Amino acid sequence: MKMKNIPNMLSLFRILFSFSLPLSHRNPVLFVAFYFILGATDVLDGKLARHYHWQSGLGAKLDGLGDALFFLCAFVSMLLPPRLEFNMPKTLVTAGAAILLKLIVLLLTRIRFQEWNGMHTYLNKFFGSLLFFSVPLFVWMGEVNYWVLLALSAALSASALEEMLILFTADTYNPNHRGILAEKLAAGRGHSAS
């Protein structure tokens with residue numbers, strides 16, 4: 001195995017072993033252990049790829065697929081019997097609106113740039129971090145806390161709206177766009193240095 005394939009192998013590991021989450025959902029300790037191991041592969045694959053310049057188009061697609069499958073399997077785990085306690089109408093309205101916005105962004109990306117991918121903006125990373133730590137919290141509590149869900153939905157909505165604005169104003173697709181504010185701050189620092 002070539003060293004440059006390590007990030008792709010980590011993403012493949014996450015894709016394949018995400019299915020361990022629904023299989024282990026009845027045992028919170030096992031679920032959380034698998035969850036954090038899979039989360040570590042997500043952090044490591046990107047850091048290794050960037051640090052050693054091992055990025056590739058295939059790697060970006062595997063990483064995106066791995067992330068989507070990981071969170072989908074975690075979500076399904078919470079719905080399987082005995083499922084976590086939550087208020088169905090409030091949860092559907094709160095999370096549904098934010099998820100719908102994110103799906104619209106994915107469709108816009110596909111229509112405008114022929115890509116099924118999300119951007120790695122700071123707001124998307126912030127949302128991902130909140131979501132990542134909320135899932136094991138919900139599992140340990142045995143319920144989906146509405147206020148935590150509301151904060152997650154607000155963060156997802158903000159990141160989706162920022163990504164939508166970037167998609168409407170960009171000429172080319174850049175999955176590594178850092179976000180509108182980050183780009184303005186970087187441009188301001190570059191301008192003041194000259």
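Predicted model: local features only at pLDDT ≥ 70, side-chain atom pairs only at ≥ 80, totals over all residues.
Residues are numbered from 1 along each chain as its sequence is written, and side-chain values use heavy atoms, with hydrogens and water left out.

Colleague: How far apart are the end C-alpha atoms of helix α5?
Modeller: Helices here are DSSP runs of H or I with at least four residues, numbered from the N terminus. The expected span is 1.5 Å times one less than the number of residues, so the 26 residues of α5 (residues 88-113) should span 38 Å.

Colleague: At which residue does α5 bend?
Modeller: The bend is the angle between axes fitted to the seven residues ending at a residue and the seven starting there. For α5 this angle is about 30°, and the residue is G96.

Colleague: Is T91 buried or exposed?
Modeller: Buried means under 20% relative accessible area, exposed over 50%, and partly exposed in between, with a 1.4 Å probe and protein chains only. Because T91, in helix α5, has a relative accessible area of 15%, T91 is buried.

Colleague: Which helix do the buried residues of α5 pack against?
Modeller: These buried residues include T91, T94 and A95. Contact means heavy atoms within 4.5 Å, and the buried residues of α5 pack against α7.

Conventions. Helix = DSSP H or I, 4+ residues; strand = E, 2+ residues; numbered from the N terminus.
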